[in-house]
Amino acid sequence: VAFYLGKKADEYHTHRWTLYVRSPNQTFDLSKAISKVVFQLHPSFAQPTRELVEPPFEVTETGWGEFEASIRIIWKEEADERSTILTHGIRLYPNKAPATSADPSAYMDTTVPVVAEKYDEVVFTNPKAGFHKSLLDGHKKKNLPYPLSNEQSVLEHFRTYGDEEDVKAMLSAKNFLEGELRNVKDRLLRADSELDEVKHALAEAKELEAAAAGGGVVGRGTECGGASGGNPKGGAGGKPKSKSKKKMSASESLPSGKKPKTG
């Protein structure tokens, strides 16, 4: 958190800023988990390395330039955990500062700070039993034995963190995925319906093809029947012409030299 000094500013001291490590839960006792915090400032500062062994873990300075500071968090001895190293930028000017004006007084207010707070999480995957107990004990006190900040003006601009935004983001993602799943299911159902229609059409086409092929064979058989001596007009099923035998009597005249047939 950085405040512009306004009329109190000079060439080398334009802002007063505070760099800190705090818990997002303002009732959690950091002293139960942290042994000390080491801040590494820009080498131009007198005593650039600042070591604090009790909360509030913060450094307040004045200066004119922005830089990246290093923060080393050393956990309690019973934790048997490696120290955590973070970097954090000292920001003195707002992100939308006008490029045409070099005078901060033209666009900055001494009562409105530049807040550049960053939220980080440290996860202990398999903490020692003693350290785990210390972490749980850190939540038991309702009133901390130390102030959250030695700078009242900084304390007033602490941001609050909760799960509301995360829950909203997860619900939004859930609704989006459910909508996509419904769309995919609808497309699959339409594809199945179209596939059934194609299968049905293919089956009908095969039946028609088979029926057409069978009708051609019957026609050829009819022609064969006619060729084998059947009635060409009536086909193989036509009635044959009746044949009658004529008997001749003895009295009938026969050509000379012929004997009549009897019976």
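Is Trp 75 buried or exposed? In this predicted model, Trp 75 has 10% relative accessibility and therefore counts as buried, the cut-off being under 20%.

Start by selecting Trp 75 together with Phe 124. The ring centres of Trp 75 and Phe 124 are 5.1 Å apart and the planes stand at 85 degrees, so the pair is edge-to-face. Trp 75 belongs to strand E6 and Phe 124 to the loop between E7 and H1, so the contact ties together parts 49 residues apart in sequence. Phe 124, at 18% relative accessibility, also counts as buried.

Next, colour strand E6, residues 67–75. Strand E3 (residues 34–40) pairs with E6 in the antiparallel sense over six bridges; Val 38 has Arg 72 as its bridge partner there. Strand E7 (residues 84–90) is joined to E6 by seven bridges and also runs antiparallel, with Leu 86 as the bridge partner of Ile 71.

Now show the aromatic side chains, which form six aromatic pairs. One of them, Tyr 20 with Phe 158, is tilted, at 5.0 Å centre to centre and 55 degrees between the planes. Tyr 20 is in strand E2, while Phe 158 is in the loop between helix H2 (152–155) and helix H3 (164–227), 138 residues apart. Both Tyr 20 and Phe 158 are buried.

Finally, display the largest pocket, which holds about 950 Å³ of space. Among its 38 lining residues, Val 21, Arg 22, Ser 23, Pro 24 and Asp 120 are the closest to the centre. E2 gives the most to the lining, five residues. The lining comprises 26 nonpolar, six polar and six charged residues.

Conventions. Residues numbered from 1 in each chain as written. Predicted model: local features only at pLDDT ≥ 70, side-chain atom pairs only at ≥ 80, totals over all residues. Heavy atoms only, no water. Pairing = 2+ DSSP bridges. Helix = DSSP H or I, 4+ residues; strand = E, 2+ residues; numbered from the N terminus. 1 Å grid on protein atoms, 1.4 Å probe; cavity = no way out; pocket = protein on both sides within 12 Å on 5 of 7 lines; lining within 4 Å. Points joined across faces, edges and corners; volume = space filled by probe spheres on them. Nonpolar A, V, L, I, M, F, W, Y, C, P; charged D, E, K, R; others polar. Phe/Tyr/Trp six-rings, centres within 6.5 Å; stacked < 30°, edge-to-face > 60°. Buried < 20%, exposed > 50% of the residue type's maximum accessible area, 1.4 Å probe, protein only.
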